[in-house]
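Visitor: I'm new here and would like a walk around this one. Could you show it to me first?

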Number of protein chains: 4
Amino acid sequence: MSHQAAGFVLSKTRFEAFSDGVFAIAITLLVLQLHLPSGASAHSPAAEQVHVLLDIWPQYLVYAATFATVGVMWVNHGALVHHMDRITHGILVANLLLLGLISFLPFATYVLAVYGLTRPTIVYYGVTLTLISLAYLFLQRAAMAAHPATRRPLSAWNWVGLTLYPAATLIGLISPLAGLVVIGLLAVYYALPGNVQSAMLRS
Amino acid sequence: MSHQAAGFVLSKTRFEAFSDGVFAIAITLLVLQLHLPSGASAHSPAAEQVHVLLDIWPQYLVYAATFATVGVMWVNHGALVHHMDRITHGILVANLLLLGLISFLPFATYVLAVYGLTRPTIVYYGVTLTLISLAYLFLQRAAMAAHPATRRPLSAWNWVGLTLYPAATLIGLISPLAGLVVIGLLAVYYALPGNVQSAMLRS
Amino acid sequence: MSHQAAGFVLSKTRFEAFSDGVFAIAITLLVLQLHLPSGASAHSPAAEQVHVLLDIWPQYLVYAATFATVGVMWVNHGALVHHMDRITHGILVANLLLLGLISFLPFATYVLAVYGLTRPTIVYYGVTLTLISLAYLFLQRAAMAAHPATRRPLSAWNWVGLTLYPAATLIGLISPLAGLVVIGLLAVYYALPGNVQSAMLRS
Amino acid sequence: MSHQAAGFVLSKTRFEAFSDGVFAIAITLLVLQLHLPSGASAHSPAAEQVHVLLDIWPQYLVYAATFATVGVMWVNHGALVHHMDRITHGILVANLLLLGLISFLPFATYVLAVYGLTRPTIVYYGVTLTLISLAYLFLQRAAMAAHPATRRPLSAWNWVGLTLYPAATLIGLISPLAGLVVIGLLAVYYALPGNVQSAMLRS
């Protein structure tokens with residue numbers, strides 16, 4: 001049993017493959033949560049079809065904001081894992097927590113599609129994103145515990161996620177649309193040249 | 001922190017794994033959007049079952065056309081990424097945009113399955129394909145900006161996508177079936193020997 | 001442009017990754033097509049819940065038969081690709097056709113779940129499996145055309161797929177349950193020691 | 001045909017890629033089985049929306065317990081495969097059986113979401129987990145048969161799975177909530193430092 005005695009934890013290759021898989025699937029499943037209203041059928045007249053397809057614009061906005069958010073998280077996850085040279089137990093647990101919350105996002109999107117853009121649904125969505133930011137923080141802490149070279153103060157990315165997602169949630173309590181727009185702008189902000197890179201350098 | 005100072009962006013391996021995952025999932029999710037009419041149940045007589053299974057042929061056509069189109073895009077994406085040696089920020093953003101639009105295709109397919117082959121649904125589908133062609137163009141431009149050796153005029157593939165998808169959309173305004181057939185023929189055209197290869201050589 | 005002049009087609013790594021992805025997703029999506037009857041709700045009494053969960057046994061049988069069939073096809077696909085050293089255009093097209101049909105299987109499963117085990121549904125399912133066998137044959141031919149060393153007469157696996165799936169379809173015309181059992185037994189046959197291996201040696 | 005004569009079975013790389021894919025997809029599909037009650041619509045008042053989103057807490061519990069359980073199984077699967085140097089026919093068949101049962105878990109989750117936390121639904125869920133433990137045992141036996149160096153008595157992990165999942169099923173017959181809590185605690189137990197690692201060392 002000597003070859004098993006070294007406290008082996010998962011290989012980084014499979015850790016990355018599994019994480020990439022969950023990110024890719026969660027981001028792609030989002031589309032299944034978009035829905036036409038229940039009356040839609042092959043008997044709907046063309047004018048009504050056009051009206052409905054334009055009328056569900058909040059679903060497009062939620063889809064775009066969530067896709068961009070998960071995409072940015074995947075990029076940051078990749079940069080964080082890049083610096084790891086072994087996968088400890090703490091990293092595994094924090095990563096499963098993070099993936100479990102990211103996989104939950106399509107449900108928050110579905111809630112928004114069913115109930116529409118209301119105070120409860122945007123708060124539900126914002127709380128989910130806030131929990132994801134927290135799980136990401138746990139993963140970073142676990143990574144730093146295992147790899148002292150990566151220890152450093154909280155990065156800008158953390159502060160943004162840990163302050164602006166709760167803020168967007170509170171804004172959503174007043175105006176659901178404003179809350180959603182803030183979440184979407186956060187994703188756009190990360191997509192600007194320099195921001196992802198600097199976030200990645202610091203993550 | 002010196003090992004983090006080099007403007008690291010994502011490794012090509014994870015970039016490819018994530019992109020392949022999204023392509024594979026989007027193409028496979030299409031099938032979930034095929035539907036029997038709402039009256040279908042275990043109480044439907046056999047003759048009606050046969051009738052319904054033949055009667056939903058436009059769904060088969062949409063499935064085949066979309067599967068072939070995504071498949072061809074995946075092949076071209078593979079050829080394009082093959083020439084990249086580093087993943088810049090611009091490539092990342094253009095790629096997320098492209099993947100977000102490709103992941104949206106199952107919704108356009110679902111709209112076609114629910115409303116049937118009508119003017120609004122084929123235009124919706126054609127506009128989605130046109131946006132995908134645009135996103136692919138952005139990705140190509142980002143790739144060329146990072147890899148000067150790949151700079152060259154727009155390839156035949158671009159012109160086809162950027163002119164024939166809008167054309168098919170307009171044709172769909174007159175005859176929805178004709179529009180869908182044009183989109184299907186485009187995929188068949190790419191599947192002919194020589195065309196994929198020459199498109200790939202130029203892409 | 002000289003580095004692009006060699007008629008490059010896709011790398012084997014991405015070809016395998018994409019194919020594995022589609023196989024894994026199609027096999028996992030099957031479960032989404034299992035359904036409780038439409039009356040099922042939180043108000044159903046416990047005795048009825050037990051009754052329903054046992055009563056949908058044909059869905060379990062279809063799930064098991066399809067999962068085993070796709071699993072065996074994935075194993076054979078792996079053995080076939082193992083012998084390829086380059087991915088030609090013909091291989092790409094035949095592979096997309098095969099993956100498109102395998103991705104379609106969850107719909108045939110859904111038809112069986114909605115309409116029950118009837119003559120039309122088992123014929124529909126059997127025809128899909130027969131088309132998959134044909135597409136696999138095309139892929140084999142394309143592989144042999146590119147790799148002369150792999151040329152040989154049709155293997156036992158081909159004859160089984162190309163004769164027994166149509167036979168099971170015809171049997172299903174007389175007795176749907178018998179047709180489904182034949183399809184299930186085919187998968188069990190491949191799972192016996194020696195059969196997969198000999199099929200793989202010949203494939 | 002000499003290069004095919006060596007009794008080739010699947011490469012470990014594709015075996016891992018396919019298994020990782022199925023684990024990642026099954027764990028991510030769970031979210032699609034969460035549902036709002038059938039009356040939910042854009043016309044539901046905000047107070048009712050809040051009430052419903054809190055009221056479906058058993059679905060959150062099932063989601064968390066199942067996600068954690070599949071995550072832990074994936075970790076153990078990774079540790080087991082790590083010790084394999086070739087994929088025999090027996091390993092392939094046992095692995096397909098295991099993956100087929102893990103892919104079935106979203107249906108057991110869906111049954112719980114539709115019928116609620118009742119005696120039949122928790123027993124159904126517990127029996128599925130027990131069958132998964134059995135399939136994992138088969139996979140271990142197949143691995144040991146092929147790799148004598150890994151032979152050893154049943155590990156703690158096995159005993160836990162093979163005794164506590166049936167126990168939780170029986171507890172669920174008396175109190176469904178208690179049964180679900182036991183299953184959740186099992187996943188939490190594995191997540192404690194030392195337990196996964198020692199399970200992995202022994203698996």
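Visitor: How many residues of chain C are in contact with chain D, and how many of chain D with chain C?

Guide: Before we count, keep in mind that this is a predicted model. Contact here goes by C-beta atoms lying within 7 Å of each other. On that basis the tally is 36 residues of chain C and 34 residues of chain D.

Visitor: Which element gives the largest share of the side of chain C that touches chain D?

Guide: The elements giving two or more residues to that side are α1 (12-29), α2 (46-55), α3 (57-82) and α8 (195-202) of chain C. By class, the side has 24 nonpolar, 9 polar and 3 charged residues. The largest share is 9 residues, and it comes from α1(C).

Visitor: What about chain A on chain D: which rotation superposes them?

Guide: The shift along the axis is 0.0 Å, and the RMSD is 0.0 Å. These copies also meet through different surfaces, because only 12% of the interface residues of chain A are also interface residues in chain D. The rotation that superposes chain A on chain D is 90°.

Visitor: Back to α3(C): how many of its residues are buried?

Guide: α3(C) reaches 37 Å from its first C-alpha to its last, close to the 38 Å expected. The helix is mostly covered, and of its 26 residues the buried ones number 19.

Visitor: Are α1(D) and α3(D) roughly parallel or antiparallel?

Guide: Their axes are 10 Å apart and the helices pack at an angle of about 170°. Among the residues that meet are F23(D) in α1(D) and W74(D) in α3(D), and the contact divides into 7 nonpolar, 3 polar and 1 charged. Angles over 145 degrees count as roughly antiparallel, so α1(D) and α3(D) are roughly antiparallel.

Key: Residues are numbered from 1 along each chain as its sequence is written. Chains are lettered from A and ligands numbered from 1 in the order in which they are written. This is a predicted model: local features need pLDDT of at least 70, side-chain atom pairs count only at pLDDT 80 or more; totals for chains, interfaces and linings use all residues. Two residues are in contact if their C-beta atoms, placed from the backbone, lie within 7 Å. Helices (H or I, at least four residues) and strands (E, at least two) are DSSP runs, numbered from the N terminus. Ala, Val, Leu, Ile, Met, Phe, Trp, Tyr, Cys and Pro count as nonpolar, Asp, Glu, Lys and Arg as charged, and the others, Gly among them, as polar. The expected span of a helix is 1.5 Å times one less than its number of residues. A residue is buried if 20 or more other C-beta atoms lie within 10 Å of its own, exposed if 12 or fewer, and partly exposed in between; C-beta atoms are placed from the backbone. Axes are lines fitted to C-alpha atoms, for helices over the stretch in contact, and angles run from 0 to 180 degrees between N-to-C directions. Angles under 35 degrees count as roughly parallel, over 145 as roughly antiparallel, 65 to 115 as roughly perpendicular and the rest as oblique. Copies are superposed by least squares on the C-alpha atoms of residues with pLDDT of at least 70 in both.
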